[in-house]
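Subject: Structure handover

Hello,

Here is the structure for you to look at. My notes follow below it.

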Amino acid sequence: MDDNNKLHIRLHIYDTELPVGCPRDDEEYYRSAAKLLNDMMNTYFTRFKGKKTDKEILYMVMFDVALQLKQNEDRNDTAPYDKLLSKLTTELEETLE
């Protein structure tokens, strides 16, 4: 990415300021992602502070994010549809010949 399209921003994530370089067009995604993390971390820290270490709570948040990502990947998996469409296309082509 060229420097003309790069934006240098600072994101506040829980108790840390994080300098980040991002494409100008993606700035809102970066800020939204930081807000999502902050919301999740606030929820987990409110619930588990004093019961778990800060490190354990951070790992719980990371796991939650990773789990949601994997679930979304499975929901958005188009391979079964691609296979079915390919089969239908083949059958249509054979029928039309």
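Helices (H or I, at least four residues) and strands (E, at least two) are DSSP runs, numbered from the N terminus. Aspartate 39, for instance, lies in helix 1. The model is a predicted one, in which local features need pLDDT of at least 70 and side-chain atom pairs count only at pLDDT 80 or more, while totals for chains, interfaces and linings use all residues. Residues are numbered from 1 along each chain as its sequence is written, and side-chain values use heavy atoms, with hydrogens and water left out.

Overall layout

The protein has three helices and two strands, in the order β-β-α-α-α from the N terminus. Its radius of gyration is 22 Å, well over the 13 Å that the globule rule gives for 97 residues, so the protein is more spread out than a compact globule. The radius is taken over C-alpha atoms, and the rule is 2.2 Å times the number of residues to the power 0.38. Along the principal axes, the C-alpha atoms fill a box of roughly 70 × 45 × 15 Å.

Of the 97 residues, 18% count as buried. Buried means under 20% relative accessible area, exposed over 50%, and partly exposed in between (1.4 Å probe, protein chains only). Contact means heavy atoms within 4.5 Å. Among contacts between residues at least 6 apart in sequence, 20% join residues at least 24 apart.

Helix 1

Helix 1 covers residues 27-48, and its 22 residues should span 32 Å at 1.5 Å a residue; the end C-alpha atoms are 31 Å apart, which agrees. The expected span is 1.5 Å times one less than the number of residues. Glycine 50, which follows the helix, has a positive phi near 90°.

The buried residues of helix 1 are Ala34, Asn38, Met40, Met41, Tyr44, Phe45 and Phe48. They pack against strand 1 (6-13) and helix 2 (54-75).

Asparagine 38 lies in helix 1 and is buried, with a relative accessible area of 15%. Leaving aside residues up to four places away in sequence, asparagine 38 touches His12, Ile13 and Tyr14.

Is aspartate 39 buried, exposed or partly exposed? At 38% relative accessibility, aspartate 39 counts as partly exposed.

Regards
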